[in-house]
Amino acid sequence: MSVAFLGLGAIGRPMAARVAVRHPLVVWNRTAARAQEFARQTACRVAGSPAEAVREADVVMTCLSTSLDVESLLDGPEGLLAGLRPGTLFLDCTSGDPAGSNRIARRLAERGVAFADCPVSGGTNGAEAGTLTVMVGGDPAVFERARPYLECFGKLIVHLGAIGAGDTIKAINQVLLAANILSLGEALTAMVKAGVPARAGLEVLNASSGRSFVSESLVPARVLTGAWPNTFRLALMDKDVGIALDLIDQLGLDTPLLDLVRDRTRAARAALGEQADYLEPIKLNERAAGVEVRG
Ligand code: NDP
């Protein structure tokens, strides 16, 4: 079965590379040079437009920044709808928003194309290793059709409900991730300012009840070392946090802590820019405290 993959960004690239190992692959990327570079390293064909990419595909996978970006590819003579055949399976791995996924699904259903939202978690390392968590929203029968393709890069693949359910749990995960990063940034700089060496202090936290994925995995590898790699843009985490808080607003719930997470994530994005990595808010804490969390 042939697969079309659209969106070769930081995480789309390693996901598509794993698909190419199991399936004939056609790729498309807005910035064509990225697709050409990918094709030099991977067995695949590069399409000149979204329509061309999907014309002969049995399965289409997208991994763009937002649901709106996916919607922007639907129309026009070179758009997805011009190329999609009835019976195609469309899996959107974008961390999208539930309303956007439902709009996309309705447009595709008019053409006889089945849709599932399939956002992922596990980072670029997880994509390379094929250990992503995949959160799926859609019809149960569509989920069963999708599973073998999602297994190219996913380890835990969970059906969570109707279209948009994958987006919902992804957004909830992201607001918790942001809360962890922001709170740990404040706490670690306070710890260092108080005179505790960063590595020793973190070792204790990670053997105690204050630990988290961020403290156990991300901070030792990326902050203590001073490596600060760019693997996931802070702008995208801000987008995700916004999706979560919009959902919470729609539910009429009062979540003052999570509201603060939204405000602080937004402020960090404004201060650090569109290309900053999601851990860089910790640099703002370091600057404010006049210390560095290294060791
Ligand atoms: P990047 O910013 O690295 O890449 C974004 C991709 O989307 C690029 O291929 C870009 O094309 C494309 N794109 C954006 N807007 C449009 C548009 N309007 N039309 C066509 N193509 C467009 O993002 P990531 O790869 O990091 O993230 C992709 C998705 O996966 C996001 O929803 C993100 O939240 C999610 N995600 C990312 C993770 C990570 O660790 N990076 C982890 C889990 C989820 P171009 O090359 O031309 O700019």
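Me: Which residues come nearest to the ligand?
Reply: This is a predicted model, in which local features need pLDDT of at least 70 and side-chain atom pairs pLDDT 80 or more, while totals for chains, interfaces and linings use all residues. Residues are numbered from 1 along each chain as its sequence is written, and side-chain values use heavy atoms, with hydrogens and water left out. A residue counts as near if one of its heavy atoms lies within 4 Å of the molecule. There are 28 residues around the ligand, and those that come nearest are Ala10, Asn29, Thr31, Arg34 and Thr231.

Me: Where does the ligand lie relative to domain 1 and domain 2?
Reply: Domain bounds come from an automatic or database domain assignment. Domain 1 (3-161) and domain 2 (168-289) both give residues to the shell around the ligand, so the ligand lies between them.

Me: Which element gives the largest share of the lining of the second largest pocket?
Reply: Helices here are DSSP runs (H or I, at least four residues), numbered from the N terminus. Those giving two or more residues to the lining of this pocket are α9 (165-193), α13 (256-272) and α14 (281-289). With six residues, the largest share comes from α13.

Me: How many nonpolar residues does the lining of the second largest pocket have?
Reply: Ala, Val, Leu, Ile, Met, Phe, Trp, Tyr, Cys and Pro count as nonpolar, Asp, Glu, Lys and Arg as charged, and the others, Gly among them, as polar. In this lining two residues are polar and two charged, and the nonpolar ones number nine.
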